[in-house]
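Welcome! Take the topics in any order you like.

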Amino acid sequence: MFSIYRSSAGSGKTRTLAKEYLKLALRFRSDYYKFILAVTFTNKASQEMKDRILYYLNEFANGKPNELAEELKAELQLDDQTFQQNSQETQAAVLHNYTK
């Protein structure tokens with residue numbers, strides 16, 4: 001799958017990219033994140049996206065209510081428990097292999 005998102009500053013690109021990344025990462029096995037390529041045009045945007053993804057994974061893994069979590073659960077057709085478990089596994093995989 002190849003997707004391009006193009007929009008002006010402040011329009012929600014980082015959230016959209018983070019959502020699409022997380023949708024792929026949570027749909028498949030916990031190390032699937034290794035097969036996802038997300039490209040930004042600046043180092044600052046890249047860091048912001050990494051931070052946002054890690055923030056969301058932490059929220060999801062801890063079962064904190066979150067609008068994005070509800071969107072992803074509906075789109076992925078996952079119940080609360082499965083979503084939280086997938087989030088915990090993905091978070092652990094990302095954090096334990098962050099530099100690889």
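In this predicted model, helices α1 and α3 pack at an angle of about 45 degrees, and their axes lie 11 Å apart.

**How α1 meets α3**

- The crossing in which α1 passes α3 is right-handed.
- On the α1 side, the contact is made by Arg15, Lys19, Leu22, Lys23, Leu26 and Arg27.
- On the α3 side, the residues making the contact are Glu67, Leu68, Glu71, Leu72, Glu75 and Leu76.

**A closer look at α3**

- At the start of α3, look for Asn66: one of its side-chain oxygens comes to within 2.7 Å of the backbone nitrogen of Leu68.

**From α3 to α4**

- Gln77 follows α3 and lies in the loop between α3 and α4.
- Gln77 is not a glycine, yet its phi is positive, at about 55 degrees.
- Is Gln77 buried or exposed? Gln77 has a relative accessible area of 71%; the cut-off for exposed is over 50%, so Gln77 counts as exposed.
- Asp80 belongs to helix α4 and is exposed, with a relative accessible area of 52%.
- The side chain of Asp80 is joined to that of Lys73 by a polar contact of 2.7 Å.
- Asp80 and Glu70 are 10 residues apart along the chain, and their C-alpha atoms are separated by 9.0 Å.

**How α2 meets α4**

- α2 and α4 pack at an angle of about 140 degrees, with 8 Å between their axes. That angle makes α2 oblique to α4.
- α2 passes α4 in a left-handed crossing.
- α2 brings Leu54, Leu57, Asn58, Phe60 and Ala61 to the contact.
- α4 brings Phe83, Gln84, Ser87, Gln88, Thr90, Gln91, Val94 and Leu95 to the contact.
- Asn58, in helix α2, counts as partly exposed at 31% relative accessibility.
- How far apart in space are Asn58 and Gln84, which are 26 residues apart in sequence? They are 9.9 Å apart, C-alpha to C-alpha.

**How α1 meets α2**

- The angle at which α1 and α2 pack is about 55 degrees, and their axes are 10 Å apart.
- α1 and α2 are therefore oblique to each other, and their crossing is right-handed.
- From α1, the contact is made by Thr14, Arg15, Leu17, Ala18, Tyr21, Leu22 and Leu26.
- From α2, the contact is made by Glu48, Met49, Arg52, Ile53, Tyr56, Leu57 and Phe60.
- Some names turn up in two places. Arg15, Leu22 and Leu26 of α1 take part in the contact with α2 and also in the contact with α3.
- Likewise, Leu57 and Phe60 of α2 take part in the contact with α1 and in the contact with α4.

**The protein as a whole**

- The secondary structure comes to 4 helices and 0 strands, and from the N terminus on the elements run α-α-α-α.
- The protein has 100 residues, of which 34% count as buried.
- Among contacts between residues at least 6 apart in sequence, 64% join residues at least 24 apart.

Terms used
Residues numbered from 1 in each chain as written. Predicted model: local features only at pLDDT ≥ 70, side-chain atom pairs only at ≥ 80, totals over all residues. Heavy atoms only, no water. Polar contact = N/O pair within 3.5 Å; in protein donor to acceptor, adjacent residues only side chain to side chain. Helix = DSSP H or I, 4+ residues; strand = E, 2+ residues; numbered from the N terminus. Buried < 20%, exposed > 50% of the residue type's maximum accessible area, 1.4 Å probe, protein only. Axes fitted to C-alpha atoms, helices over the stretch in contact; angles between N-to-C directions. Parallel < 35°, antiparallel > 145°, perpendicular 65-115°, else oblique. Left-handed = near helix turned anticlockwise from the far one by under 90°. Contact = heavy atoms within 4.5 Å.
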